[in-house]
Amino acid sequence: MKFNRILLSATLIVVALVVQVSVLARLQLPGAVPDLVLLTVVGLALVYGPVSGSLIGFTAGLLADLAPPADHAAGRYALVLCVIGYLVGLARPENGRLTSATGPMAVVVAAAVGSTLLYAGVGALVGDTAARHVGLGSLLFTAAVYDLLLAPFTVPLIMALARRAENDPLADAGGGNGADVASGWLSSGTGLRIGNQRGGLRVKAARSRASRAGRIKGVKRL
């Protein structure tokens, strides 16, 4: 992963985790809790692709596992977000940009439901039956609703910041065409290089026409 990706991802994850623990977890809402950490992973994975998405998800989940007042085994949520980050990264658009809100909202709902199911499934394997007592159906519904309501205020901003970091002129020379390990196979074939070539041909054609017009008028051009 590039340094600017790591720096931005770490900053966003820490901010999301602090807000999650200090604000969202204290709202005492019925059912699930709005998961800002999950939405952060979703936004970053939609820009960076599956490999970076899985790494970011694992790191975010591990921090959530260790942050108080966590009452479950460390690594449980890290596994869940690692899988979610990878799967969401597979849904990354080829050009890294979204033309409609329908796709991201569907991804958010799927991520909310999938993460809840995975978390409950892993808990069942280690003997944690809390989801049964609360009601899995209620958790799935409230998790999807809360995350869907929070997503329009978070996911587009996170994606915009991630794209801005990708276009940073201080990034390494190979980052301009997106040919890194995380998203090279997804960002290939976007037409960016072809678009640049077409733009250069148009500029050359315009200069050629201007030069011919200048010669016709008898103007000496350099």
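This is a predicted model: local features need pLDDT of at least 70, side-chain atom pairs count only at pLDDT 80 or more; totals for chains, interfaces and linings use all residues.
**Exercise 1.** Find out how the span of helix α1 compares with the expected span, and which helices its buried residues pack against.

*Solution.* Start with the length: α1 covers residues 3–22, which is 20 residues. From its first C-alpha to its last it reaches 28 Å, close to the 28 Å expected at 1.5 Å a residue. Next, look for its buried residues; among them are Leu8, Leu12, Ile13 and Leu17. Finally, follow the contacts: the buried residues of α1 pack against α2 (36–48), α3 (50–66) and α7 (136–166).

**Exercise 2.** Work out whether α2 is enclosed or open, then look at what happens at its start and just after it.

*Solution.* First, count the buried residues, taking buried as under 20% relative accessible area. In α2, 13 of the 13 residues are buried, so the helix is largely enclosed by the rest of the structure. Then go to the start of α2, where a side-chain oxygen of Asp35 comes within 3.3 Å of the backbone nitrogen of Val37. Just after the helix, Gly49 has a positive phi of about 95°.

**Exercise 3.** Locate the nonpolar surface patch and say which helix gives the most to it.

*Solution.* Begin by picking out Leu79, Val83, Tyr86, Leu87, Leu90 and Leu118, which together have about 500 Å² of accessible area. Helix α4 (residues 76–90) gives the most, with five residues. Leu118, in turn, sits in helix α5 (residues 102–125). To place Leu118 on the scale, note its relative accessible area of 34%, which means that Leu118 is partly exposed.

Definitions and conventions. Residues are numbered from 1 along each chain as its sequence is written. Side-chain values use heavy atoms; hydrogens and water are left out. Helices (H or I, at least four residues) and strands (E, at least two) are DSSP runs, numbered from the N terminus. The expected span of a helix is 1.5 Å times one less than its number of residues. Buried means under 20% relative accessible area, exposed over 50%, partly exposed in between (1.4 Å probe, protein chains only). Contact means heavy atoms within 4.5 Å. Patches are made of residues with over 30% relative accessible area and no salt bridge: like charges are joined within 9 Å, nonpolar side chains (Val, Leu, Ile, Met, Phe, Trp, Tyr) within 5 Å. Accessible areas come from the Shrake-Rupley method with a 1.4 Å probe; for residues, only the protein chains shown count as cover. A salt bridge is a side-chain nitrogen of Lys or Arg within 4 Å of a carboxyl oxygen of Asp or Glu. A polar contact is a pair of N or O atoms within 3.5 Å; within protein, one must be able to donate a hydrogen and the other to accept it, and residues adjacent in sequence count only if both atoms are side-chain atoms.
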